[in-house]
Amino acid sequence: MALVEVKVPDIGDFDEVAVIELLVKPGDTVTAEQSLITVESDKASMEIPSSAAGVVKELKVALGDKVREGSLVLLLEVADAAGAAAGPAAAAPASAQEFKTNQAAAPVLPSQSATNTVAPSVGPIEVRVPDIGDFKDVTVIEVMVKVGDAVRLEQSLMTVESDKASMEIPSSAAGVIKELKVKLGDKINRGDLLAILEGAAPVATAAAAPSAAASALAAAPVAAAAAVAPAAAVLAVPAHSPTLAPLGLPHASPSVRKFARELGVPLNEVKGSGLKGRITDHDVQAFTRSVMSGAAQTLAAQAQAKTAAVATTNDGAGLGLIPWPKVDFAKFGPVERKELSRIKKISGANLLRNAILIPAVTNHDDCDITDLEAFRVSTNKENEKSGVKVTMLAFLIKACVAALKKYPEFNSSLDGDALIYKQYYHIGFAADTPNGLMVPVIKDADKKGIMQISVEMGELAQKARDGKLSPAEMTGASFTISSLGGIGGRYFTPIINAPEVSILGVCRSTIQPVWDGNVFQPRLMLPLSLTWDHRVIDGAAAARFNVYLGQILGDFRRALL
């Protein structure tokens, strides 16, 4: 074994910066590029990575110390071969551009080339359920990895749910999954074996990735005001003030932000216990335990609970109305009581809020899809061997994208007194499942063809029926389609899925006589029901949208214009 000195690399034109967070302690095993400490100047903060892999022998800095380029951070005990190779690298210079005055908070300095350096191979590693609060038998509701997958340290492996909340369980080590010990529906407790890992995954870029994401997140609020800069440059973010977080961002390092994102923890609701109120890993874990045990609630959960209480109790008093009548139905005859499913409770609260708060109006129209249906049928016959079945909904999604591009206010959202025009086209479609209504989302529908959309729709619909949709697959929609075509009906009034400003409802198409100027012709007509938010859209725009959508469905070549 050999001792390697890990020193502060080139951090730009700064004399001294303060150590505000220690990320390791003596005895910890660290990998190359793993963050060791966080330093902060009056302009920005950043993490200092390790120049080698090994075991921390001795820390040479403490909280509040001032360090500069070349300052000794710690002594690392490494294998002789690794020590010989890492010695010169301890002082390897980093780009001074990464800590300039006009840069974002919390970049991570590369101390070596960002090649796929792999941590030393190790034997099988057991990954177990960590301390997630005072409760028992939480249910596994999602498994995010499979045997053979390479996972990073702190990467989410699965999602569990108690009767009060759900959370993701991260990996306690990096490596390749050799065996999974749990499956969907299993009940697990603290200390239960989740998976067995073997070897180690590439680590050189692992430390940089979360920092890049955090820097991008921090820079986003000022991106609109920034001039075009070189690819290596980042945007300016003011220094942290204990009384005013920079641009509303919580005071936390990139690694803590990454950890919080993986657990789904809103950092702005976590109270920091570190220097200057900085949020640490322990703060995030404590917040998670309190939420999972029911001792605390996130602000979003509190708001949802209040709305859900109104929705599930039908208590008009909660809305300033007279209370809902309470009736003993059993005195009139036999009854059976069944609790609402979790999905219906959540969707019911959202639907009630949207129905009450949005001044919604619905336009009803019919469009001629005779030629489009003939094309769809012939397409399916030609591609029968492929196993991909094209539905009318796939054409509707592409037609809606074309209409949204022509009338962009339908692809927007209200944000106070401003309107956010989205430059992406993520289309949600309502899926009927045994557990209730779910809305999977086709992301970037404008960049996908009819066949690709059809395949993706089939996969998402099946996952919805199996209860395996992830939160990411149900969020981000800019417009939603609710189709009852496979069931029946004529027209209906769909409820807008806030924060969207419109939704399209479609029912089953029927053959109707249509006057062509000389005689009545049998044509296949599709009923359209467009609901829109009157705060954003007026009646004339809604009528034009529906007419244009009908024209595209009547002659799909218009979608190419």
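Predicted model: local features only at pLDDT ≥ 70, side-chain atom pairs only at ≥ 80, totals over all residues.

Colleague: In what order do the four strands of the open sheet come?

Modeller: The order is β1-β8-β6-β3, and the pairing is antiparallel. The edges are taken by β1 (2-7) and β3 (29-30); each has a single partner strand, so one side of each is left without a neighbour in the sheet.

Colleague: Over how many bridges do β1 and β8 pair?

Modeller: There are six bridges between β1 and β8, the latter spanning residues 72-78.

Colleague: And which residue in β8 is the bridge partner of Leu3?

Modeller: That partner is Glu77.

Colleague: Turning to the surface, which residues form the nonpolar patch?

Modeller: The patch consists of Val327, Phe329, Phe332 and Val335, which together have about 450 Å² of accessible area.

Colleague: Where does Val335 lie?

Modeller: Val335 is found in the loop between α5 (299-313) and α6 (342-357).

Colleague: Why does Val335 count as exposed?

Modeller: Its relative accessibility is 54%, and the exposed class begins over 50%.

Colleague: Now for Thr288: buried or exposed?

Modeller: Thr288 counts as buried because its relative accessibility is 8%, where the limit for that class is under 20%. This residue belongs to helix α4, residues 281-292.

Colleague: Which residues is Thr288 in contact with, leaving aside neighbours within four places in sequence?

Modeller: With those neighbours left aside, Thr288 is in contact with Met167, Leu263 and Val265.

Notes
Residues numbered from 1 in each chain as written. Heavy atoms only, no water. Pairing = 2+ DSSP bridges. Helix = DSSP H or I, 4+ residues; strand = E, 2+ residues; numbered from the N terminus. Patch = residues over 30% accessible without salt bridge, like charges linked within 9 Å, V, L, I, M, F, W, Y side chains within 5 Å. Areas by Shrake-Rupley, 256 points an atom, 1.4 Å probe, with all protein chains shown as cover. Salt bridge = Lys/Arg side-chain N within 4 Å of Asp/Glu carboxyl O. Buried < 20%, exposed > 50% of the residue type's maximum accessible area, 1.4 Å probe, protein only. Contact = heavy atoms within 4.5 Å.
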